[in-house]
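Please read these notes with the sequence and the structure side by side.

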Amino acid sequence: MADTIAAISTAPGEGGIGIVRVSGPQSEAVMRRLMSVCPEEIEPRHAYFGRVVRDSSDPDAEVIDEAVFIYMQAPASYTGEDMLEIQGHGSNVSLKAVLSAVLSSGVENIRMAEPGEFTKLAFLNGKMDLSQAEAVIDIIKAKTDLSLGIAEGQRAGRLGDTIRDIRATLLDVLAEMAVDIDYPDEDYGDDPEMYRNIINDLRWVLSDIEDLLDTAPIGRIARDGVRAVIVGKPNAGKSSLMNAILGEGRVIVTDVPGTTRDTVEESASLSGVPIVLIDTAGLRESDDKVEKIGIERTERAIAGADMLILVLDGSRDLDEEDENVLKFIENMSTDHMLVVINKEDLGKSVTEEAVRAKLPGARIISTSLIGKGAVEAASKISEEIGEMFDLGNINVHESNIITNERHVHLLRKAAADIDEAISMLQNGEPVEVAELSAHYAYESLGMIIGEEAGEEILDTVFSKFCLGK
């Protein structure tokens, strides 16, 4: 008999409801053993309210909790197996007691579930493909409406359907190539132009793959956030800006230069746009050993940034320290650079024209990061970020956006193999050699949806899940 598995499926902590999930052939037996008064005929997908006890056959059995029992019969369940959900109070203590009662219920072959095992069963039983299973993780970890919408589209099978369409086209091309291999007397000849139909079909496949890859940069931002590094000389207002965006006093703000000695990283959502803000130590010459380490970390943060937010003290003329910062970033692209001219309330010594002369193409806003100005600055920065990365034009209900690094790797590999197959045919190499490269691409695409995935890949994917999912 196959194992029956069980685990707590709700996150640790206090809540109104907590769920213990059971999946496997003994799910119904667990319900009959633990529900104090269980109906003779259990109707699948109906909610039954009752007490949770350790042994329903014992009239003096200890009552653990009151709960709703829902039994689901295979294949109409999340895992495709018989399943049971016990929905009790969301206390860690009560949930652990219910799980203990399940595991010690005396039914055969019952054990604790491994991380991700419920979703792995759903995949193995054909309830979802591997890309849909991975989207479940993204839904759980979604921080904004944007990342949630993309993950939900993948969970619904949008990406999987696209991959299957590409593979179907590629399979037709492979069949055409196989005809030439199997019937060499009816081949296309030595002229590479005779292979133009196959080459054109491979180009269509390559184009479809590249269209998906083109979405990867936005997909990474939607999933992980825009990495925005705030730079500027000490006491220009970098920490004030970060606190304004976060809406809280996360970073210490004083009028003493050099207060921030290290990079400070926080996540936020600006109008649905995920952003990772990194406040940095000022870029200046310093004999302070700790501050020098902070400056080195600032330089590393800038190197890995999606965008730079340069904060200038607009109440004073640009000085040597400002020039040092400008010199450090002068060779960087201004496409994803935003300049905040701060302290507008104290006078305006730095003009937008002067900044634009040094950083042509950078977006510039003038403000005062005090009171209402901080809120207005945060709103303006949100608009600028949305425009920089064209996030406002993403239709999460229609677009296929690649967010998973595993998918990016496999798509790149498939694209490289298709490109190699095209080059081989154009150079007049034997079709069977080109067919091998095209077949590798077919396998890589299959790994995205799990049709070519081995046990090692599955173990790696599902080990990233939390327990109970």
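1. Cys-466 is partly exposed, with a relative accessible area of 41%; buried means under 20%, exposed over 50%, and partly exposed in between, using a 1.4 Å probe and protein chains only. Cys-38 also counts as partly exposed, at 22% relative accessibility. The model has zero disulfides, a disulfide being a pair of cysteine sulfur atoms within 2.5 Å.

2. This is a predicted model, in which local features need pLDDT of at least 70 and side-chain atom pairs count only at pLDDT 80 or more, while totals for chains, interfaces and linings use all residues. Residues are numbered from 1 along each chain as its sequence is written, and side-chain values use heavy atoms, with hydrogens and water left out.

3. The average pLDDT of the protein is 84, and 89% of the residues score at least 70; pLDDT is the predictor's confidence in each residue, from 0 to 100. Confidence is highest in strand E1 (residues 4–8), at a mean of 96, and lowest in helix H10 (residues 289–303), at 69. Helices (H or I, at least four residues) and strands (E, at least two) are DSSP runs, numbered from the N terminus. Over residues 249–261 pLDDT stays under 50, although the model has 34 contacts there beyond four places in sequence; contact means heavy atoms within 4.5 Å. Where pLDDT is low, the predicted coordinates should not be read in detail.

4. Which residues of E1 point one way, and which the other way? Thr-4, Ala-6 and Ile-8 point one way, Ile-5 and Ala-7 point the other way, and all are buried. In a regular strand the side chains alternate between the two faces of the sheet.

5. E1 has two partners, where strands pair if DSSP finds at least two bridges between them. E1 and E6 run parallel, joined by three bridges, and Thr-4 has Ile-110 as its bridge partner in E6. E1 and strand E2 (residues 15–23) run antiparallel, with four bridges, and Ile-5 is partnered by Ser-23 in E2. Six residues lie between the strands in the hairpin of E1 and E2, where Gly-13 takes a positive phi near 125°.

6. The largest nonpolar core has 36 residues, of which Leu-170, Leu-202 and Ile-209 touch the most other members. A nonpolar core is a set of buried Ala, Val, Leu, Ile, Met, Phe, Trp, Tyr and Cys residues joined through side-chain atoms within 4.5 Å. H14 gives the most to this core, with 10 residues. Beyond its neighbours within four places in sequence, Ile-209 has contacts including Ile-166, Leu-411 and Leu-445. A second, separate core has 35 residues, among them Ile-221 and Val-396.

7. Is Asp-313 buried or exposed? Asp-313 is buried, at a relative accessible area of 4%, and is found in strand E10 (residues 307–313). Its side chain makes a polar contact of 3.5 Å with that of Lys-343. A polar contact is a pair of N or O atoms within 3.5 Å; within protein, one must be able to donate a hydrogen and the other to accept it, and residues adjacent in sequence count only if both atoms are side-chain atoms.

8. Arg-33 is in helix H1 (residues 27–34).
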